[in-house]
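Me: Could you take a close look at the charged and nonpolar side chains on the surface of this model? I would like one connected account, with the cut-offs spelled out.

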Amino acid sequence: EKKRLMLMSNSKIAEKTMILEDDVGDILEKTSSAQTIVDELSGKMVAEKKNLISNYKKDLEMDGLYARVDLGILSDITEMHQTTEQRQEKVADIRSQLEEQISNMENFIFRVGSPTPTPKPPSQPKGAYSVLPDIRPPFSVIAGI
């Protein structure tokens, strides 16, 4: 009876051993397949990493190049802005001078064209003209000379 129990036990152990060996074979097969996929993906990952690093370096180079170009353009724009401001100041000065001359001419024309004598400011001596260097005094003044 012991022999039979041992034989049954050995038979069960052998059966379980075969099942375990099949399982180990399946696991080894799956591990091998997974390792192949891991190796393939690792190669792709290394290639992509090299590609990304290369493109990153190119991007940095282009950033530097365009930054220099942008600085040049900015410098030109700043120079144009300064030139424009200087021109605006000159135009404003010329405009101010022209407005002053027009005002003086209007006053002159008003006084010359006016039939009645225009009142003179109190600071001017009597008989003096403010802006008329080439106009002769009235005849009554000449007769008194």
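Reply: Happy to! Let's begin with exposure: a residue is buried under 20% relative accessible area, exposed over 50%, and partly exposed in between, using a 1.4 Å probe and protein chains only. This is a predicted model, where local features need pLDDT of at least 70 and side-chain atom pairs count only at pLDDT 80 or more, while totals for chains, interfaces and linings use all residues. Residues are numbered from 1 along each chain as its sequence is written, and side-chain values use heavy atoms, with hydrogens and water left out.

Now the salt bridges, each being a side-chain nitrogen of Lys or Arg within 4 Å of a carboxyl oxygen of Asp or Glu. The count by this rule is three.

One of them joins Glu99 to Arg95, with 2.9 Å between the closest N and O atoms. Both belong to helix H1, where they sit four residues apart and are therefore separated by about one helical turn. (Helices are DSSP runs of H or I with at least four residues, numbered from the N terminus.) Arg95 is exposed, because its relative accessible area is 55%, whereas Glu99 has 44% and so is partly exposed.

Glu40 and Lys44 form another salt bridge, with their closest N and O atoms 3.7 Å apart. Glu40 is partly exposed at 47%, and Lys44 is partly exposed at 49%.

There is also a salt bridge between Arg4 and Glu1, at 3.5 Å between the closest N and O atoms. Glu1 is exposed, with a relative accessible area of 64%, while Arg4 is partly exposed at 46%.

Next come the patches. They are made of residues with over 30% relative accessible area and no salt bridge, joining like charges within 9 Å and nonpolar side chains (Val, Leu, Ile, Met, Phe, Trp, Tyr) within 5 Å. Accessible areas come from the Shrake-Rupley method with a 1.4 Å probe, and for residues only the protein chains shown count as cover.

Glu21, Asp22, Asp23, Asp26 and Glu29 make up a negative surface patch. For charges, Asp and Glu count as negative, Lys and Arg as positive, and His and the chain ends are not counted; each charge is placed at NZ of Lys, CZ of Arg, CG of Asp or CD of Glu. Asp23 lies in helix H1 and is partly exposed, at 38%.

Finally, Met62, Leu65, Tyr66, Val69, Ile73 and Ile77 make a nonpolar surface patch of about 550 Å². Among them, Tyr66 is placed in helix H1, which covers residues 2-113, and is partly exposed because its relative accessible area is 46%.

Conventions: Helix = DSSP H or I, 4+ residues; strand = E, 2+ residues; numbered from the N terminus.
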